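Trainee: I have a model open on my screen and would like to learn how to read it. Could you take me through it step by step?

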Amino acid sequence: MIDSLKRYLPKSIAAQLTTVVLVSVLLGVLLTTATLSIVVTRSGMRMDPEAKAASEAARIATIVKEAANARSPEQLANVIAGAQSSTGSVRLVSKRELPDASGEASSYVKRVSAGLRQSWHIDPIAMATHSIAVDIGDGRALLFQESERQLLQTFITVQAIVGIGLIVVVVLALSIYAIGWVTRPLSTIARATRAFGQSPHNDDPLDTSGPAEIAQVAEALNDMRRRIRKLVDDRTGMLAAISHDLRTPLTRLKLRSERVTDAGTRAAMLSDISAIDGMVRGALTYLRDGGTSEALQLVDLPSLLQTICDAYSDIGSDVVYSGPARLNFVCRPEGLTRAVMNIIDNGVKHGTQVGVSLEQRGPGAVGIEVWDNGPGIPADLREKVFEPFFKVDSARSVAKSGFGLGLSIAKDIVDRQGGTITLSDRSPCGLCVRLSLRADFHQSGSDDLPASRLKMPPSTTHVSA
């Protein structure tokens, strides 16, 4: 039943919002009309004007008769008190106190006066704009003050407020629902787009339900994701083949070079072959998937960073760690290790001392700083150093090998883990690289964590990317 009705619903966002607003207004008007009908029916406001005037004339005639028959002032006061009603007020006045009758009586007063003469043979002694005076003898009169106009205005004002309020409430409620209905698919698409490429489990196609425009966007994104996946898979396969094809001749060259009798020539050739091998591995590392297939894990971050620093210290580099002794953090440890090592590599190549510091910046947020005492990087080139194959030869040493991929790989890994990386000067000299990372969840109070949930960093070996 619902599916069959969906075929007749408008498809575009504009048509759907127009329909919702139109239905909202119609429902508001219907509710207001129904409310007014109920109130008007209960209040008797739907009575014909002639009948209402006749009813008021009968009421006045009855009061006048009872007042004329009163034998004492107390009885007269009781009659007047009991005569007060929502349709008018009654006062005992002397004929000298009657209001000025210069103003023309309202049509309602005229109808009531005519009814008194014709049906009850009572001739009012005075009529004003909204009042009628009837003589009861002894120089006294009863003044009947019309209050229908005031009551009617109040009634109309209250009903108008109620009606407008109902319309506003209905339109607002349905509009909020409509906005959520329209924007919910957009929010889903935005989340899926941000998560694309950051998790191995985000390959589910986007839902194509909803307005026609959103369905078209979802279908286009699904098609784009399929093509990107195919492109990545084809590139990965090609890189695997290139890696295999290159390593075979490099291995043969290495074996042949070891047979060279001249020690200097042999060492130079082996060094060149090792440099080529390192460049190839660095390029392949950058062009691979960047560790997106690695699952998030809870690690002791200080231990991971200390292990990296120890690996560099073991080969003679001056790399030190400073920061908390224990801090549990959720990340992809292999990818983060590669990023930090690439940054340290740059510091070791261009300086004599490198420092790594860790700082907790709130729940689930940490900052990692890697500094060196090298020549630094000019401010106008700090964005370009994150581009693949870019090397700042004018600022950093040119006597180093590599493709200039270290910071590119580091930035790619940090971006995939939802973090940021920035460069700044260090006083008195050198470069400071700051990593700002956030975890999906953060565990404080590590003493209470079960050992099975805490992953210690793997043994780290120094590999230049």
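Trainee: How are α3 and α4 oriented to each other, roughly parallel or roughly antiparallel?

Mentor: Two packed helices are described by the angle between their axes and the distance between the axes. Here, helix α3 (residues 49–68) and helix α4 (residues 73–83) pack at about 165°, with axes 9 Å apart, and α3 and α4 are therefore roughly antiparallel. Angles under 35 degrees count as roughly parallel, over 145 as roughly antiparallel, 65 to 115 as roughly perpendicular and the rest as oblique. Axes are lines fitted to C-alpha atoms, for helices over the stretch in contact, and angles run from 0 to 180 degrees between N-to-C directions. Helices (H or I, at least four residues) and strands (E, at least two) are DSSP runs, numbered from the N terminus.

Mentor: Before we go on, this is a predicted model: local features need pLDDT of at least 70, side-chain atom pairs count only at pLDDT 80 or more, and totals for chains, interfaces and linings use all residues. Residues are numbered from 1 along each chain as its sequence is written, and side-chain values use heavy atoms, with hydrogens and water left out.

Trainee: Which residues of α3 and α4 make the contact?

Mentor: Contact means heavy atoms within 4.5 Å. From α3 come Arg59, Ile63, Glu66 and Ala67, and from α4 Leu76, Val79 and Ala83. They divide into five nonpolar, no polar and two charged. Ala, Val, Leu, Ile, Met, Phe, Trp, Tyr, Cys and Pro count as nonpolar, Asp, Glu, Lys and Arg as charged, and the others, Gly among them, as polar.

Trainee: At what angle do α9 and α10 pack?

Mentor: Helix α9 (residues 301–314) meets helix α10 (residues 333–350) at about 40°, with the axes 11 Å apart. That makes α9 oblique to α10. Among the contact residues are Leu305 and Ile308 of α9, and Val340 and Ile344 of α10. This contact holds eleven nonpolar residues, one polar and one charged.

Trainee: Which residues have the most contacts inside the largest nonpolar core?

Mentor: A nonpolar core is a set of buried Ala, Val, Leu, Ile, Met, Phe, Trp, Tyr and Cys residues joined through side-chain atoms within 4.5 Å. Buried means under 20% relative accessible area, exposed over 50%, partly exposed in between (1.4 Å probe, protein chains only). The largest core has 42 residues, and Leu305, Ile344, Val356 and Ile368 have the most contacts inside it. Not counting residues up to four places away in sequence, Ile344 touches Ile308, Tyr312, Val319, Val354, Val356 and Val370. Apart from that core lies another, of 23 residues, including Ile60, Val64, Leu76 and Val109.

Trainee: How many helices and strands does the protein have?

Mentor: There are eleven helices and eleven strands. Buried residues make up 36% of the 465 residues.
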